[in-house]
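Have the sequence and the 3D view open side by side, and let us walk through them together.

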Amino acid sequence: MSVVIETAGLDLTFQTNDGPVHALKDINLQIERGEFVSFIGPSGCGKTTLLRVIADLEQPTGGTISVNGVSPSQARLARAYGYVFQAAALYPWRTIGGNISLPLEVMGISKEERTERIAKNLDLVNLTGFDKKFPWQLSGGMQQRASIARALCFDPDMLLMDEPFGALDEIVRDHLNEQLLKLWAKTKKTVVFVTHSIPEAVFLSTRIVVMSPRPGRIHEIIDCDLGDDRPLDIRETPKFLEIAHQVREGLRLGHSYED
Amino acid sequence: MQEREGLSAFIFDRLLPVGIVVIVILVLWYGFAVLMNAQFEQDQAARANVEISTSQLVANTMSQERPVLPAPHQVASEIWKTTALKKITSKRSLVYHAGITLSSTFLGFVMGTALGIGLAVLIVHSNVLDRSLMPWIITSQTVPILAVAPMIIVVLNAIGISGLLPKALISAYLSFFPVAVGMVKGLRSPDVMHLDLMRTYNSSKAQVFWKLRWPSAVPFLFTSMKVAVAISLVGAIVGELPTGAVAGLGARLLTGSYYGQTIQIWSALISAAVLAAVLVMLVDLASRIVMRRMGMAR
């Protein structure tokens, strides 16, 4: 296994009108190829900021970070990752196929190959036949699946997901969690996943990074060795509940439940 | 309330509300015509030393040659006489004058829209231009166009440019403003998530513009163009006033006021209003077609 994301003493301080805000403080983290790592914590703990630093959407103010052995900016230029946002963020004037085609067009990929990849990735997220539909004709869950297909279509090494299912209802979320696991098993991508749901983190991850707020820092990293085969029912097993309890304890000790 | 369908829906939901407003306007218009023209009829009667009955008075107020306020049917018959019954090439044909006004409206609208879009693109891509251009753009519209129009016409005439272009320039001067303001807003309308998404693809500024900013701005463009086309017509009419009233709806207004031809003034006014409404409707139609093709109309 090789390390794909490595940070040492990473700091990020935002200068705001109310003075400096320590969004991230002394983050030391290693993520290896093929892992599924979740960042969990209350809002304000810096989990999304950390993901954005990895994606080169925010610049750290101290410490070092490497992605695929190079800086985040070089990794972004090399199109090392696909990013999935909190909302599907599909362009309303493009069909589902057109939306998936967007990154491919930006990257100058030929029309034939685009068509082929759109079909392949729609199939991967179980949306075959929806390429001619416009986003508003799809449900929220389907839209988010289309946005995952868009993030995967240029075959990046990594998938960075920022609370992708946060806006969906629990039933749809369960379904998509199951599909995401299958997708991960199929594609062997490294996934970094931000969430504020304990069951979601435990169900999906190989490792869970528990973060705590003010300043945003890593409180604890918990191994989540539930194995590769994870049906939804696994969430009622003692092992699952034990890890969930561990995460909740971590959050409590990290002052996440205080005002 | 139960849903209506087909013809009855059209009659009750569309025709009836519009129809009622039209009837109210016509009733008020007739009322004011009688009130405002009555004085003249009474003076006439007094001068001729005859008694005039109320019904005769009312009838007379609606058939004066130069009424203070012409009655709707007088305006309607004047419009009919000067459109349907005159050859289009005739100097007395309202269609001829409307055509003159329309051509400079159209040219000015196209120039103004292009200028507005161009300025918006510059402003969105440069903070310096945003700070330096925007105050001038706003100031330009605080200058009364009636004061500027003669100067533009005279100055351009002095350097040998006359006819369509000076009038179109006045239309452009008015119409670029809503387009520039609307497009600045439109080109800045993509949300942070969409912009971040383009950044993760490492896309160039040109790609961000063509694939994100421009399509996001299209609804704003059409809204601005609806305002722009209407004030282009106003600009064209204003531009026709200082040219010595040669041709165009503006010229009809001016000659009408020279000779006290109120009926002619009102028929030119009504034609201009109808023309503006038709232009706005055309832009709206284009907007619907484009939005449907872009998949944004539901």
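The paragraphs below go through the strands, some backbone details, the aromatic rings and the pockets.

Please keep in mind from the start that this is a predicted model. As background, strands of a sheet pair through backbone hydrogen bonds, and they do so either parallel or antiparallel. Strand 5 of chain A gives you a parallel example: its partner is strand 6 (residues 158–162) of chain A, and four bridges join the two. To find the place on screen, look for A:Tyr83, which stands opposite A:Leu160 in strand 6 of chain A.

For an antiparallel example, turn to strand 1 (residues 3–16) and strand 2 (residues 19–32) of chain A, which pair over 10 bridges. These two strands of chain A form a hairpin, with two residues between them. A:Thr16 stands opposite A:Gly19 in strand 2 of chain A.

A:Asp26 is partly exposed, with a relative accessible area of 45%. You will find B:Asn49 in the loop between helix 1 (6–48) and helix 2 (54–61) of chain B. Its relative accessibility is 71%, so B:Asn49 counts as exposed. Back in chain A, the peptide bond from A:Arg214 to A:Pro215 is cis, with omega near -10°. A:Pro215 sits in the loop between strand 8 (207–212) and strand 9 of chain A.

Now for the aromatic rings. Over all chains, the count comes to 12 aromatic pairs. One of them joins A:Phe36 and A:Phe193, whose ring centres are 5.7 Å apart; their planes meet at 45°, so the pair is tilted. This pair links distant parts of the chain, with A:Phe36 in strand 3 (residues 36–40) and A:Phe193 in strand 7 (residues 190–195) of chain A, 157 residues apart. A:Phe36 has 0% relative accessibility and so counts as buried. A:Phe193 is buried too, at 0% relative accessibility. Another tilted pair is A:Tyr91 with A:Trp93, where the centres are 5.0 Å apart and the planes lie at 35°. Both A:Tyr91 and A:Trp93 are buried. A:Phe36 and A:Phe193 also belong to one aromatic cluster with A:Phe165 and A:Trp184.

A:Trp184 leads us on to the pockets. The largest pocket has a volume of about 360 Å³. Of its 13 lining residues, the closest to the centre are A:Leu181, A:Trp184, A:Ala185, A:Asp228 and A:Asp229. The lining of this pocket has four nonpolar, three polar and six charged residues.

The second largest pocket holds about 260 Å³ of space. Helix 3 (72–83) and helix 10 (249–258) of chain B are the elements that give two or more residues to its lining. Among the lining residues are B:Lys81, B:Thr82, B:Arg252 and B:Thr255. By class, the lining of the second largest pocket divides into two nonpolar, four polar and six charged residues.

Conventions:
Residues numbered from 1 in each chain as written. Chains lettered and ligands numbered in written order. Predicted model: local features only at pLDDT ≥ 70, side-chain atom pairs only at ≥ 80, totals over all residues. Heavy atoms only, no water. 1 Å grid on protein atoms, 1.4 Å probe; cavity = no way out; pocket = protein on both sides within 12 Å on 5 of 7 lines; lining within 4 Å. Points joined across faces, edges and corners; volume = space filled by probe spheres on them. Nonpolar A, V, L, I, M, F, W, Y, C, P; charged D, E, K, R; others polar. Pairing = 2+ DSSP bridges. Buried < 20%, exposed > 50% of the residue type's maximum accessible area, 1.4 Å probe, protein only. Phe/Tyr/Trp six-rings, centres within 6.5 Å; stacked < 30°, edge-to-face > 60°.
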